[in-house]
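Biologist: Could you walk me through reading this structure, one feature at a time?
Modeller: Gladly; let's look at it together.

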Amino acid sequence: MLYFNFSRFFKLKGIVRPFSYLTKNGYSSGYATKITNNRVKEINLERLEKFCTDFNCTPNDVFDFRSNTNDNLPKDHALHTITKTEINNEVIDKINAMSAEKMQQIHDIIKNME
């Protein structure tokens, strides 16, 4: 089954309050609620493009695929390439526990990636 997995995407981006983040960035409160609670069942291409532009991502970053026992899809089917693992707060917890010196090291590494 193909579906949207915005909550995984927000965790990946480190956005801990997606509703507030979305409304501050021009999304209506109703639509922000739908996105935040993964209640989006369909999206028009204009809205999907706006989201991808705002968050520097592609549609595949928010799409997810979960195989269902009735699918009978071969293991090498292209849809399996967008199957994603869940994200937990492990990385955020580690970052929050780091010393300022280690955070500076990470900052320097990321800055030099450009």
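**Reading the model, feature by feature**

Modeller: Let's begin with glutamate 90, which is partly exposed, with a relative accessible area of 44%; buried means under 20%, exposed over 50%, and partly exposed in between, using a 1.4 Å probe and protein chains only. This is a predicted model in which local features need pLDDT of at least 70 and side-chain atom pairs count only at pLDDT 80 or more, while totals for chains, interfaces and linings use all residues. Residues are numbered from 1 along each chain as its sequence is written, and side-chain values use heavy atoms, leaving out hydrogens and water.

Biologist: Where is glutamate 90 placed?
Modeller: Helices are DSSP runs of H or I with at least four residues, strands are runs of E with at least two, and both are numbered from the N terminus. Glutamate 90 belongs to helix H6, residues 90-97. Its C-alpha atom is separated by 22 Å from that of cysteine 57, 33 residues apart along the chain.

Biologist: How many disulfides does a search of the whole structure find?
Modeller: A disulfide is a pair of cysteine sulfur atoms within 2.5 Å. The search finds zero.

Biologist: How many salt bridges does the structure hold?
Modeller: The criterion is a side-chain nitrogen of Lys or Arg within 4 Å of a carboxyl oxygen of Asp or Glu. The structure holds one: aspartate 54 pairs with lysine 50, with the closest N and O atoms 2.7 Å apart. Aspartate 54 is partly exposed at 37% relative accessibility, and lysine 50 is partly exposed at 36%.

Biologist: Which residues of the largest nonpolar core touch the most other members?
Modeller: Such a core is a set of buried Ala, Val, Leu, Ile, Met, Phe, Trp, Tyr and Cys residues joined through side-chain atoms within 4.5 Å. Here the largest has 18 residues, and Phe6, Phe10, Leu22, Ile35, Phe51 and Phe55 touch the most other members. At least two residues each come from H1, helix H3 (29-36) and helix H4 (45-55), and H4 gives the most, with four.

Biologist: What is leucine 22 in contact with?
Modeller: Contact means heavy atoms within 4.5 Å. Leaving aside neighbours within four places in sequence, leucine 22 contacts Phe10, Tyr27, Ala32, Ile35, Thr36, Phe51 and Phe55.

Biologist: Which residues of H1 are buried?
Modeller: They are Phe6, Arg8, Phe9 and Phe10. These buried residues pack against E1, helix H2 (18-24), H3, H4 and helix H5 (59-62). After H1 comes glycine 14, with a positive phi near 75 degrees.

Biologist: And asparagine 5, is it buried or exposed?
Modeller: Asparagine 5 counts as buried, at 4% relative accessibility. It lies in the loop between strand E1 (2-4) and helix H1 (6-13). A polar contact is a pair of N or O atoms within 3.5 Å; within protein, one must be able to donate a hydrogen and the other to accept it, and residues adjacent in sequence count only if both atoms are side-chain atoms. The asparagine 5 side chain makes one with the side chain of serine 7, at 3.3 Å. Not counting residues up to four places away in sequence, asparagine 5 touches Asn38, Val62, Asp64 and Glu86.
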